[in-house]
Amino acid sequence: MSEKKTIIVAGVMLSLLILPSASLAFAQYIPSQGQTGLDDLMKLSQERVRMAKENPHTGSGTPMFALDGVLGALLLSTGVFGGIATAFFVKGRKGKYAAMGRG
């Protein structure tokens with residue numbers, strides 16, 4: 001078998017082995033014991049709305065100006081992507097395809 005076919009067969013076999021081990025992810029934690037009926041879910045939703053109305057100062061839970069919040073993520077991503085862009089810019093000016101007479 002050629003090398004390309006071997007890689008493809010190995011990839012298919014690995015994906016078939018990994019597929020059954022994948023579990024489902026849920027957005028909210030729902031009790032796994034027994035069946036949760038529609039009435040229970042409605043009560044839970046109403047309780048969440050009531051708690052949000054009683055505590056308007058708590059917000060969504062995202063710290064906007066904390067260093068580990070949105071601005072911290074902005075600074076981190078700016079540093080990473082800025083560093084990558086700088087590396088590409090520097091390498092592009094010194095490459096073998098750079099136009100003669102420019103730097």
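pLDDT is the predictor's confidence in each residue, on a scale from 0 to 100. The protein averages a pLDDT of 76, and 63% of the residues score at least 70. Where pLDDT is low, the predicted coordinates should not be read in detail. This is a predicted model, in which local features need pLDDT of at least 70 and side-chain atom pairs count only at pLDDT 80 or more, while totals for chains, interfaces and linings use all residues. Residues are numbered from 1 along each chain as its sequence is written, and side-chain values use heavy atoms, with hydrogens and water left out.

The secondary structure consists of three helices and zero strands (DSSP runs, numbered from the N terminus: H or I of at least four residues for helices, E of at least two for strands). The order from the N terminus is α-α-α. Mean pLDDT among the elements is highest in helix α1 (residues 3-18), at 87, and lowest in helix α2 (residues 38-54), at 82.

The accessible surface comes to about 10000 Å², and carbon and sulfur atoms account for 67% of it. Areas were computed by the Shrake-Rupley method with a 1.4 Å probe; for residues, only the protein chains shown count as cover. Of the 103 residues, 2% count as buried (buried means under 20% relative accessible area, exposed over 50%, partly exposed in between).

The structure holds two salt bridges (a side-chain nitrogen of Lys or Arg within 4 Å of a carboxyl oxygen of Asp or Glu). Glu-47 pairs with Arg-50 at 2.3 Å, N to O. These two residues are three apart in helix α2, so about one helical turn separates them. Arg-50 also pairs with Glu-54, at 2.5 Å, N to O. Here the spacing is four residues, again about one helical turn of α2. Glu-47 is partly exposed at 34% relative accessibility, Arg-50 at 36% and Glu-54 at 48%.

Leu-76, Val-80, Phe-81, Ile-84 and Phe-88 make a nonpolar surface patch of about 570 Å². Patches are made of residues with over 30% relative accessible area and no salt bridge; like charges are joined within 9 Å, nonpolar side chains (Val, Leu, Ile, Met, Phe, Trp, Tyr) within 5 Å. Phe-88 is found in helix α3 (residues 70-93). Phe-88 counts as exposed, because its relative accessibility is 63%.

Technical notes
Buried means under 20% relative accessible area, exposed over 50%, partly exposed in between (1.4 Å probe, protein chains only).
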